[in-house]
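Work through the exercises below with the model open in a viewer. Each task is followed by a solution in steps.

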Amino acid sequence: MSLVFYYAPYSSASSVHWALEELGIPYEKVQMDLQAGDTKKPDFLKINPNGMVPTIVHDGVAIFESVAIMIHLGETFGVEKKLYPPPGLERSQAVKWIVWFNVSLGEALSRYVRNTSERIPEDQRNAKAGEEGKSDVLARLGILDQELEGKSYLVGDSFTLADVHGALWMMYLGMCNLDMDSFKNITAWKTRCLERPAAKRAP
Ligand SMILES: N[C@@H](CCC(=O)N[C@@H](CS)C(=O)NCC(=O)O)C(=O)O
């Protein structure tokens, strides 16, 4: 088995990095310098024409999109390691939440960040759209907080790669100038997940 992981620290690749560390499988890391344009170089574009991390090459096959990689790693290695549910309804719950973070939460967060971040030129920002994005992010976080009521982890009774993916999103949100204090269940769950040794090995 060969698995090559293309990543940049503190990026969308971090949840995949953490998942690989949790799984404890052998893999080769290739660190990309985003500022230097490593992901836009012809050799990398042959692997991922989107020019983005995370990307893995598993036994010669390239897989991009963090959601697809998490699901692939879960299905391929996670069941045996008790980090991903076997096929069935619990598996579907894991997929549901992994997709929800990138699609539903990510969509609202992207509207909020694109319309408020100082890194976006002012004439491309719309304050009203930013406010609406923020309010949608907070409403969607309310859904997650409710889901976590009385639970230690998102799916079933034990920690899974769905928690890896979600807790990393929460870490990112914590850097987006959002007040998360009222989401008590999210805060406790995020802390529980981020305390794991594998999380600390995966910037
Ligand atoms: N939808 C993609 C997004 C990946 C993404 O946005 N990656 C960024 C880093 S956070 C990237 O590689 N950007 C390329 C660059 O800045 O050169 C995923 O979830 O994998």
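The exercises cover a sheet and its helices, then salt bridges and a surface patch, all in a predicted model.

**Exercise 1. Work out the order of the strands in the sheet and find which strands lie at its edges.**

Step 1. The open sheet has four strands, and reading across it gives the order 2-1-3-4. The pairing is mixed.

Step 2. Strand 2 (28–31) and strand 4 (61–64) each pair on one side only, so they are the edge strands by the definition of pairing.

Step 3. On average, neighbouring strands are turned by 20 degrees against each other, direction ignored.

Step 4. Strand 3 (residues 55–58) and strand 4 run antiparallel and are joined by four bridges. Within this pair, Thr 55 has Phe 64 as its bridge partner.

**Exercise 2. Locate the salt bridge between Arg 196 and Glu 22, and classify both residues as buried, partly exposed or exposed.**

Step 1. The closest N and O atoms of Arg 196 and Glu 22 are 2.8 Å apart.

Step 2. Arg 196 sits in the loop between helix 7 (184–194) and helix 8 (197–200), while Glu 22 is in helix 1; the two are 174 residues apart.

Step 3. Glu 22 has a relative accessible area of 14% and is therefore buried, the cut-off being under 20%. Arg 196, at 25%, counts as partly exposed.

**Exercise 3. Trace the salt-bridge network around Arg 111.**

Step 1. Ten salt bridges are found in the whole structure. One of them joins Glu 132 and Arg 111 at 4.0 Å, N to O. Glu 132 lies in helix 5 (residues 127–147) and Arg 111 in helix 4 (residues 89–116).

Step 2. Arg 111 also forms a salt bridge with Asp 136, with closest N and O atoms 3.0 Å apart. Asp 136 is in helix 5, 25 residues from Arg 111.

Step 3. Through shared partners, Glu 107, Arg 111, Glu 132, Asp 136 and Arg 140 form one network.

Step 4. Glu 132 is exposed at 51% relative accessibility, and Arg 111 is partly exposed at 23%.

**Exercise 4. Which residues make the nonpolar surface patch?**

Step 1. Met 171, Tyr 172 and Met 175 make a patch of about 310 Å².

Step 2. Met 171 belongs to helix 6 (residues 161–173) and is partly exposed at 33%.

Terms used. Residues numbered from 1 in each chain as written. Predicted model: local features only at pLDDT ≥ 70, side-chain atom pairs only at ≥ 80, totals over all residues. Heavy atoms only, no water. Pairing = 2+ DSSP bridges. Axes fitted to C-alpha atoms, helices over the stretch in contact; angles between N-to-C directions. Patch = residues over 30% accessible without salt bridge, like charges linked within 9 Å, V, L, I, M, F, W, Y side chains within 5 Å. Areas by Shrake-Rupley, 256 points an atom, 1.4 Å probe, with all protein chains shown as cover. Salt bridge = Lys/Arg side-chain N within 4 Å of Asp/Glu carboxyl O. Buried < 20%, exposed > 50% of the residue type's maximum accessible area, 1.4 Å probe, protein only.
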